Amino acid sequence: MDLIASLFPFQRDDVNNINSSPLTGHIIANEMGTGKTYEAVAIDYCRRNASDYEGGPTLVVAPLSTLPSWYNHFNDLTDLKVITIDPKNRYKFINAVKNQEYDVYVIHWDVLRLVHEDLSGVKWHHIIADEVHKAKNRKAQQTKALKKIKAKYKLAMSGTPIINRPDELWSILHWLYPKDYGSYWRFYERFLNYEIVYPGGYHKITGTKNVGALKEEIAPFVTRRVKKDVLKDLPPKYYTTVDVELVPKQRRAYDQMRKDMIAWIGQNEQEPLVAPAVIAKLVRLQQFSLAYAEFDEDFKVQLSKPSAKLDALLDIVHSTDSQIVVFTQFVGMAKLVHEELKGISELLIGETSNRGELIERFQRGDIRILICSIGAGGVGITLTAADKAVFLDRSWSPAMNMQAEDRLHR
């Protein structure tokens, strides 16, 4: 198979532009669903076949849900030997690296911080950081671990807009070009407006400045494509809102939770409310809107029937023969739906170990309903066999909702 010939024209342009550039670090910020993984595999493969290739393996750092996808892309599209490591078998991974057994090593972000010392002594040819916004916090352990590993080439990938918070972009730029972006505070002064708040004297960001200059500065090593420009045959998304009336038992539990929240706010009206505490209360209310909810002895929310949303979902499922992806933020709700749809559904949640197999079976049509937590099923995987996504609840983050939608729309 000719890998380059199999790409879309815009993908071939991206691969050629990056590989012909004298720069050693690039950001592919193409919109979700435009095939960034294909581009990255092609870029890596071409660099290995270039006249200046000096040897060395490739390290791919990616979210857990995308590890099977990376393995399949390298395995199906190239003749490179690739290994994907499960977090439980990281010592096998370290031994494989030391013995130089493979060309490509695919590792989970959370495992990186555990093994980076074993990887830092390797002469890596290429590091690919998928969903690189996971390294936006300069103080996070996984960010520090990534920066300790050296390579001739570095490729950062993210479908999430990266220009919204220049202070977070600095960490990625520092990884790509540590000499050019050595000082966080110099970067901070150039591109952020802030005020000093007392007591404490801490910086409060009030806005951005010189964003146009920043975009111009990073333009030589940033590629940004949006689907509407490059995938003109992709049909538009259609949204339908289904209004659901809570059943009486569920409504009583919801109303009581709401009253408790209002009482809590009233008790604290003399003090400023802390955002995380308010969000935690709202998340609880979200859970009570999904199904009948009770607190267990550890004060954790337990969901059970009756559930008006579950009933509405069943109406949708039984009104069509097509494949459907069901999204929810809450594992308890995902399990409740799975129990109701036994025989025609499978679960893709954080504890799912056979993710790659499940996705392949769904794409083949062997699974009709795939029930996903937004965290596990909303990033970096392909679920295009479905033509409908049902959100039982939405994340507070619009970017996370968009990520989940674009598992199908690609």
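**Legends to the close-up views**

**View A. R12 is partly exposed, with a relative accessible area of 27%.** The model is predicted: local features need pLDDT of at least 70 and side-chain atom pairs count only at pLDDT 80 or more, whereas totals for chains, interfaces and linings use all residues. Residues are numbered from 1 along each chain as its sequence is written, and side-chain values use heavy atoms, with hydrogens and water left out. Buried denotes under 20% relative accessible area, exposed over 50%, and partly exposed the range in between (1.4 Å probe, protein chains only). R12 belongs to helix α1 (residues 9-20); helices (H or I, at least four residues) and strands (E, at least two) are DSSP runs numbered from the N terminus. When residues up to four places away in sequence are not counted, R12 touches I4, A5 and L7, a contact being heavy atoms within 4.5 Å. The C-alpha atoms of R12 and D243, 231 residues apart along the chain, are separated by 45 Å.

**View B. Helix α12 (residues 275-290) and its packing partners.** From first C-alpha to last, the 16 residues of α12 reach 23 Å, close to the 22 Å expected at 1.5 Å a residue; the expected span is 1.5 Å times one less than the number of residues. L285, Q286, Q287, F288, S289 and L290 are the buried residues of α12. These buried residues pack against several elements, among them α11 (248-267), α13 (308-318) and β12 (324-328).

**View C. The open sheet of four strands, in the order β13-β14-β12-β15, with parallel pairing.** Strands β13 (345-348) and β15 (388-391) stand at the edges with a single partner strand each, so one side of each is left without a neighbour in the sheet. Neighbouring strands are turned by 20° against each other on average, direction ignored. Within the sheet, β12 and β14 (residues 369-373) pair in the parallel sense over five bridges, where pairing requires at least two bridges found by DSSP. V325 stands opposite L370 in β14.

**View D. Helices α14 and α15 lie across β12, β13 and β14.** Helix α14 runs at about 165° to β13, and α15 (residues 355-364) at about 140° to β13. Axes are lines fitted to C-alpha atoms, for helices over the stretch in contact, and angles run from 0 to 180 degrees between N-to-C directions.

**View E. H108 in strand β4 (residues 104-108).** H108 is buried because its relative accessible area is 11%. The side chain of H108 reaches the backbone nitrogen of L64 at 3.3 Å.

Note on methods: A polar contact is a pair of N or O atoms within 3.5 Å; within protein, one must be able to donate a hydrogen and the other to accept it, and residues adjacent in sequence count only if both atoms are side-chain atoms.
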